[in-house]
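Look over the sequence and the structure first.

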Amino acid sequence: MIKFKNVSKSFGNIKALEGISFEVEKGEFVYITGPSGAGKTTILKLILRELQPNSGEIVLDGVDITKLADEQVPFYRQKIGVIFQDFKILTERTVRENVEVALAVTNVPQEEWAGRVNQVLKLVGLSERATLFPNQLSGGEIQRTAIARALVVNPKLILADEPTGNLDWETADALMDLLEKINKEGKTVIMATHNEMVVEKYKKRVIKVKEGKMASKEKAPHMEKEPKKEENKEENEEKPKLKVKVEEV
Ligand code: ADP
C-alpha cells in the first residue's frame, strides 16, 4: 500500500531522514519505533504530504505522492485518518460536532453526516456521549472522540503519532484494543511510538529508525514468502555490472 524508496529529508543543516526505505502492505498494523528525534513524526508528515522529501519516492497505492499537484493534496488526504498525541479536540464543540468537523472538509453530502457520525461513535463506544463537551469527558473518552473523527471520513490508512504518550496504562490498553479492532475491520495502521511496553505487549511488525536512518526492518509479509528472491536481489547487486564488463571484453 505504501512504499518509501530511499527517502531523505533535511531541515536546513539537520538531516532528519537519510535513505529511508520500507514497505507497508494493505491491512497491516506496523510500528515505527526509535528514540525521540529519530525521525518518526517526519515520516508520518511525509506520508500526509505535510512535508516534501529532498529526495526519494513515496508511493501510495501506486502513485508517487511527492509528485501530486498541490490542489490534489486535500483529496489525497481523505484516504488518511490521523490520530495525534494531543488529540487536537475543539473544546467549544460537542463530541458529535468534533467528529463532524472532519466531514466538513470532504464532499460527503450533509444529509449523510448524522449516519456516519453515529456509526463511528458506536464503534468507539461513545454513542451515549455525543452531546457532551470535552470538559465533561474523561481522558480516554476525549481520545476516542479523536479516533472517531479520524475514522469518519472512512480512510484506508490510519496514522497514529505517539497515541499512548499521555495515557495511563489502562487507557493505553483500551486505545490499543480499539486500534486493533479498527485494523481488523480492514484499515492499515501505522503507529509511531517509543513506548517499548506497548510494542512488547501488542506485537506487530516494527520499522526501526535511529538518527534518521533505518536501524532495522522486518520484512513486509509478502516479502517473507519469497525471502530468497529478495535477498538474492540485494546481495547480488554487483553481479549485473560484472556481466556487462565481461560482455564488453
Ligand atoms: P521523532 O518523531 O522521532 O521524535 P522528528 O521526526 O520529530 O523525530 O524529528 C527528527 C529530527 O528532525 C529532529 O532532529 C528534529 O529536531 C528535526 N526536525 C523535525 N522537524 C523540524 C523542523 N520543522 N525544523 C527543523 N528541524 C526539524
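Does α3 pass α4 in a right-handed or a left-handed crossing? The crossing is right-handed. Keep in mind that this model is predicted. Two helix pairs are described below.

**Helices α3 and α4**

- Helix α3 covers residues 95–104, and helix α4 covers residues 113–123.
- They pack at an angle of about 120°, and their axes lie 10 Å apart.
- On the α3 side, the contact is made by R96, V99, E100 and L103.
- On the α4 side, W113, R116, V117, V120 and L121 take part.
- By class, the residues of this contact of α3 with α4 are six nonpolar and three charged, with no polar ones.

**Helices α5 and α6**

- Helix α5 runs over residues 139–151, and helix α6 over residues 169–184.
- The angle between them is about 20°, with the axes 10 Å apart.
- Angles under 35 degrees count as roughly parallel, so α5 and α6 are roughly parallel to each other.
- The crossing of α5 and α6 is right-handed.
- From α5, the residues G139, G140, Q143, R144, I147 and L151 meet α6.
- Their partners in α6 are T171, A174, L175, L178 and I182.
- The contact of α5 with α6 has six nonpolar, four polar and one charged residues.

Key:
Residues are numbered from 1 along each chain as its sequence is written. This is a predicted model: local features need pLDDT of at least 70, side-chain atom pairs count only at pLDDT 80 or more; totals for chains, interfaces and linings use all residues. Axes are lines fitted to C-alpha atoms, for helices over the stretch in contact, and angles run from 0 to 180 degrees between N-to-C directions. Helices (H or I, at least four residues) and strands (E, at least two) are DSSP runs, numbered from the N terminus. A crossing is left-handed if the near helix is turned anticlockwise from the far one by less than a right angle, and right-handed if clockwise. Two residues are in contact if their C-beta atoms, placed from the backbone, lie within 7 Å. Ala, Val, Leu, Ile, Met, Phe, Trp, Tyr, Cys and Pro count as nonpolar, Asp, Glu, Lys and Arg as charged, and the others, Gly among them, as polar. Angles under 35 degrees count as roughly parallel, over 145 as roughly antiparallel, 65 to 115 as roughly perpendicular and the rest as oblique.
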